[in-house]
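The following exercises are to be worked through with the model open on the screen.

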Amino acid sequence: MADNRCPILKKCGGCQYIGRNYKETLDIKLKNMRKLLGEFGKVEDIMGMENPYHYRNKVNVAFKRKKNGEILAGTYEEGTHNVLSNPDGGCFIEDKKAYAIIETIKKLIPSFKITIHNEDTGYGLLRHVMVRTAHTTDQVMVVLVTASPVFPSKNNFSKALVKAHPEITTIVQNINMKDTSMVLGDRNQVMYGKGYIDDVLYGKKFRISPNSFYQINSLQTEKLYGKAIEYAGLTGEEVILDAYCGIGTIGITASDRAKEVIGVELNKDAVKDAINNARLNSCKNVRFYNNDAGKFMIDMAVKGEKKVDVVFMDPPRSGSTKEFMSSVIKLSPKKIVYISCGPDTLLRDLRYITKNSDYKVEKMIACDMFCWTEHCEMVVLLSRNG
Ligand code: SAH
């Protein structure tokens with residue numbers, strides 16, 4: 001499976017490994033992880049995909065109107081804000097349904113006289129479009145990111161888009177008036193449907209709102225969570241902490257095999273989704289809290305009321321904090337399962353935990369969540385020595 005066909009490969013810079021054989025890309029990632037994390041033992045293996053294409057369930061595009069009136073929609077050229085047009089048929093790693101919807105939006109823009117936002121002048125309405133697809137339920141969410149709350153003829157625009165793509169289940173206007181490189185703003189206005197999509201992972205249902213984090217490769221996420229739960233060795237008696245829990249996916253997935261689950265997450269919308277997801281799955285033993293994971297843990301460690309048996313920690317790429325980790329050490333769970341999308345910060349954090357406690361790394365495995373890119377996801381099991 002070698003792939004040289006992407007015409008914007010060099011400019012986009014997203015897929016560093018496209019052009020190689022897929023198996024070879026897995027070998028490179030495993031070798032890199034073994035080299036990076038070798039001081040803690042051997043990385044067991046890498047879990048790859050059978051079909052490593054069009055796996056991204058979240059697609060973001062920027063727009064540009066050229067001088068001749070032609071509209072471009074696609075990703076930015078690496079390191080710049082030049083919009084590269086999506087290759088015909090779409091990007092190799094992104095969902096195909098998203099590509100078709102974005103092509104339609106491009107065609108609808110002139111007929112609805114929608115202006116394209118210009119970052120330099122601040123003029124123009126449409127900044128980005130985000131499309132999220134749910135791999136099990138086939139629900140599709142379109143988020144139109146605008147620089148102003150006023151969206152002329154938005155109802156007719158929604159109608160036309162849904163008519164062309166009946167697979168769309170919800171359309172949301174997200175308002176981002178800030179001068180920022182963040183795609184989404186804080187405010188959402190539902191234009192069509194429920195304002196969120198539902199997906200099923202590991203037999204559990206999840207509501208996903210526009211601003212909530214959701215793993216971008218659903219098939220690999222099931223493998224990842226499967227491994228994390230296997231590493232935790234749950235018997236049904238454990239109190240679990242799901243830190244950096246997003247919409248509650250890990251905690252809810254593990255809840256059948258635990259006595260109690262406590263989740264903590266900073267993003268308000270994600271916690272709302274998590275609380276709703278616990279209800280949706282009738283999980284009575286799960287509680288979610290909206291807080292900084294570090295602060296929450298310091299509180300728990302100081303109070304010392306709660307015995308925690310297993311900590312799942314899945315921080316963003318920037319990794320965890322000393323506050324969080326030292327409080328985990330104080331709480332002294334039997335096991336820590338660290339899920340990481342940033343191997344360098346994982347290394348830093350594993351060094352911190354192992355130097356400042358008697359926890360040892362027992363097992364490590366890699367997962368190819370971001371096929372064709374140089375990124376690699378890791379699951380690591382730490383347990384107390386003796
Ligand atoms: N475990 C979830 C989410 C992982 S992504 C899943 O598998 O889907 C990391 C999450 O950490 C994001 O939801 C992000 O909003 C959250 N986060 C970032 N910084 C945080 C902090 N300081 N405290 C708590 N959560 C944080």
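**Exercise 1.** Identify which residues come nearest to the ligand in this predicted model, and describe how the shell around the ligand divides by residue class.

*Solution.* Begin with the residues around the ligand, of which there are 16, and note that Gln215, Tyr225, Glu265, Asp292 and Ala293 come nearest. Then sort the residues of this shell by class, which gives eight nonpolar, five polar and three charged.

**Exercise 2.** Find the polar atoms of Thr249, Ala293 and Asp314 that lie within 3.5 Å of a ligand N or O atom, and state what share of the ligand's area the protein buries.

*Solution.* Take the nitrogen atoms of the ligand to start with: one is 2.8 Å from a polar backbone atom of Ala293, and a polar side-chain atom of Asp314 lies 2.9 Å from a nitrogen atom of the ligand. Finally, consider the area: the ligand taken alone exposes 570 Å², and 86% of that is buried by the protein.

**Exercise 3.** Describe the largest nonpolar core and the surroundings of Val337.

*Solution.* The largest nonpolar core has 101 residues, and those with the most contacts inside it are Leu241, Phe312, Phe324 and Val337. Assigning its members to domains shows that at least three residues come from each of domain 1 (9-52 + 217-384) and domain 2 (58-201). With residues up to four places away in sequence left out, Val337 touches several residues, including Ala228, Tyr231, Val310, Phe312 and Leu381. A second, separate core has 27 residues, among them Ala98, Ile101, Leu126 and Phe151.

Conventions
Residues are numbered from 1 along each chain as its sequence is written. This is a predicted model: local features need pLDDT of at least 70, side-chain atom pairs count only at pLDDT 80 or more; totals for chains, interfaces and linings use all residues. Side-chain values use heavy atoms; hydrogens and water are left out. A residue is near a molecule or strand if one of its heavy atoms lies within 4 Å of it. A polar contact is a pair of N or O atoms within 3.5 Å; within protein, one must be able to donate a hydrogen and the other to accept it, and residues adjacent in sequence count only if both atoms are side-chain atoms. Accessible areas come from the Shrake-Rupley method with a 1.4 Å probe; for residues, only the protein chains shown count as cover. Ala, Val, Leu, Ile, Met, Phe, Trp, Tyr, Cys and Pro count as nonpolar, Asp, Glu, Lys and Arg as charged, and the others, Gly among them, as polar. A nonpolar core is a set of buried Ala, Val, Leu, Ile, Met, Phe, Trp, Tyr and Cys residues joined through side-chain atoms within 4.5 Å. Buried means under 20% relative accessible area, exposed over 50%, partly exposed in between (1.4 Å probe, protein chains only). Domain bounds come from an automatic or database domain assignment. Contact means heavy atoms within 4.5 Å.
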